[in-house]
Amino acid sequence: MISKTIQDGINEQIRNEIQSAYLYLAMSAHCEAVNFAGSAHWLRAQWGEELEHAMKLYRYVYDRGGRVTFQAIEKPPSEFPSLMGIFQQVLAHEQKVTALINSLYATAIKENDYASQIELQWFVKEQIEEEKNASAIIEILKLAGESGPSVLMLDRQLGARAKG
Ligand code: MG
């Protein structure tokens, strides 16, 4: 059985993953509206990934004989800055998620919950990837200098992301 503390923490993280998904879908909708089709595609793929993260934790709670309870999610912003601004927001958001995962992992250590530590290790590793991907896009945008043609080229490249 899973402890109440861990169950509450994981339920909170399920909320955080769904909140992330909602934010990325809002960003995707914005990119769609301003004709950054590639970025819209990339962010929609990210939306799908975040929902998968939520479902991975959802499954885990039940595998451990716990119970999922849903928390409220917030309305995402409807206005977004430039492409550079958007990916800076993605990076900042993922850094926040990393801190939340780390704190949940610390709780699992305190609770001597080895199974949850192992489950959460996947998320700790995934966050390395998430931060790396957002940083890489920001670096390219820095090089591109946000000039028209190079931003359009990057947008096209983001459209080639496999999933979504
Ligand atoms: Mg996630």
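I began with Glu-139 and Lys-142, whose side chains meet in a salt bridge at 3.2 Å, N to O; I count as a salt bridge a side-chain nitrogen of Lys or Arg within 4 Å of a carboxyl oxygen of Asp or Glu. Both residues lie in helix 4, three residues apart, which is about one turn of the helix; I take helices as DSSP runs of H or I of at least four residues, numbered from the N terminus. For solvent contact I used relative accessible area with a 1.4 Å probe and protein chains only, calling a residue buried under 20%, exposed over 50% and partly exposed in between. On that scale Glu-139 is partly exposed at 42%, whereas Lys-142, at 51%, counts as exposed.

I noted for the record that this is a predicted model, in which local features need pLDDT of at least 70 and side-chain atom pairs count only at pLDDT 80 or more, while totals for chains, interfaces and linings use all residues. Residues are numbered from 1 along each chain as its sequence is written, and side-chain values use heavy atoms, with hydrogens and water left out.

I then searched the whole structure for salt bridges and found eight. One of the pairs I looked up is Arg-44 with Glu-32, at 3.6 Å from N to O. This pair links distant parts of the chain, as Arg-44 sits in helix 2 and Glu-32 in helix 1, twelve residues apart. I recorded Arg-44 as partly exposed at 28% relative accessibility, and Glu-32 is also partly exposed, with a relative accessible area of 46%.

Next I looked up Lys-56, which forms a salt bridge with Glu-119, their closest N and O atoms being 3.7 Å apart. Lys-56 lies in helix 2 and Glu-119 in helix 4, so this pair ties together parts that are 63 residues apart in sequence. Lys-56 is partly exposed at 29%, but Glu-119, at 15% relative accessibility, counts as buried.

Last, I turned to backbone angles in the loops. Where does Asn-35 lie? I placed Asn-35 in the loop between helix 1 (4–33) and helix 2 (37–63), and its phi is near 65 degrees, a positive value in a residue other than glycine. Asn-35 counts as exposed, because its relative accessibility is 65%. I found Asn-112 in the loop between helix 3 (83–110) and helix 4 (114–144), where its phi, near 55 degrees, is likewise positive in a residue other than glycine. Asn-112 has a relative accessibility of 51% and therefore counts as exposed.

Technical notes
Helix = DSSP H or I, 4+ residues; strand = E, 2+ residues; numbered from the N terminus.
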